[in-house]
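Take a moment to look over the model before reading on. We will go through it step by step.

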Amino acid sequence: MDLARLSRLALVSYGVMQLAQGLWMTIAPGSFFDALGPFGARNDHYIRDMATWSLAIGPVCLLAARGDAGVRAVVLLLAGLEAAIHTVNHIADADIADPLWVGVFDAVALGSLAVALLVLSRLTTKAEEATTP
């Protein structure tokens, strides 16, 4: 699979995932909290507030998948930076997750996602630079 196809696939996959997560957080914040967000006390308003990120970045990823390499690289960078910062937060709060393994798993999964998105962004940028005179 070539890099352009891979970056498009990553953006579509991430965009669909973010839209699904945002809808889940909005429609059933209690279910989301029980499954993925057991950090401290449940706050449905805050969960729905956080859904706004997912509901915003999802369509941007889907649109960027149709764009040129420069657009794809920037959106992948934004998604990767958010995942990296999100990872730091999960590392800091892993010990308050109930159960603890959820906090650890979340930190590892988010960190892996961040690395993948950031590496793909960088590779896409380098490919764009190589084809630009």
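How many residues does helix α5 have, and how far does it reach from its first C-alpha to its last? This is a predicted model, so every value here is computed from predicted positions. Helix α5 covers residues 100-131. It has 32 residues and reaches 47 Å. That is close to the 46 Å expected at 1.5 Å a residue.

Now look at which parts of α5 are hidden. Its buried residues are Val102, Gly103, Asp106, Ala107, Leu110, Gly111, Ala114, Leu117, Leu120, Ser121 and Thr124. An α-helix has 3.6 residues a turn, so residues three or four places apart point the same way. Keep that in mind as you read the list.

The buried residues here are Ala69, Arg72, Ala73, Val75, Leu76, Ala79, Gly80, Ala83, Thr87 and His90. They pack against α1, α3 (44-64) and α5.

Zoom in on one residue of that list. Threonine 87 sits in helix α4. Is threonine 87 buried or exposed? Its relative accessible area is 9%, so threonine 87 is buried, because the cut-off for buried is under 20%. Which residues does threonine 87 touch, leaving aside those up to four places away in sequence? They are Ala107, Leu110, Gly111 and Ala114. Each of these four is also among the buried residues of α5.

Turn now to the aromatic rings. The structure holds one aromatic pair. Tryptophan 24 and phenylalanine 32 form it. Their centres are 5.2 Å apart, with 80 degrees between the planes. The pair is edge-to-face, because its angle is over 60 degrees. How do the two partners stand in terms of accessibility? Tryptophan 24 has 30% relative accessibility, so it counts as partly exposed. Phenylalanine 32 has 11%, so it counts as buried.

Met1, Leu6 and Leu9 make a nonpolar surface patch of about 320 Å². Where is methionine 1 placed? Methionine 1 lies in the segment before α1. Its relative accessible area is 68%, so methionine 1 is exposed, as the cut-off for exposed is over 50%.

Notes. Residues are numbered from 1 along each chain as its sequence is written. This is a predicted model: local features need pLDDT of at least 70, side-chain atom pairs count only at pLDDT 80 or more; totals for chains, interfaces and linings use all residues. Side-chain values use heavy atoms; hydrogens and water are left out. Rings of Phe, Tyr and Trp (its six-membered ring) pair if their centres lie within 6.5 Å; planes under 30 degrees apart count as stacked, over 60 as edge-to-face and the rest as tilted. Buried means under 20% relative accessible area, exposed over 50%, partly exposed in between (1.4 Å probe, protein chains only). Helices (H or I, at least four residues) and strands (E, at least two) are DSSP runs, numbered from the N terminus. The expected span of a helix is 1.5 Å times one less than its number of residues. Contact means heavy atoms within 4.5 Å. Patches are made of residues with over 30% relative accessible area and no salt bridge: like charges are joined within 9 Å, nonpolar side chains (Val, Leu, Ile, Met, Phe, Trp, Tyr) within 5 Å. Accessible areas come from the Shrake-Rupley method with a 1.4 Å probe; for residues, only the protein chains shown count as cover. A salt bridge is a side-chain nitrogen of Lys or Arg within 4 Å of a carboxyl oxygen of Asp or Glu.
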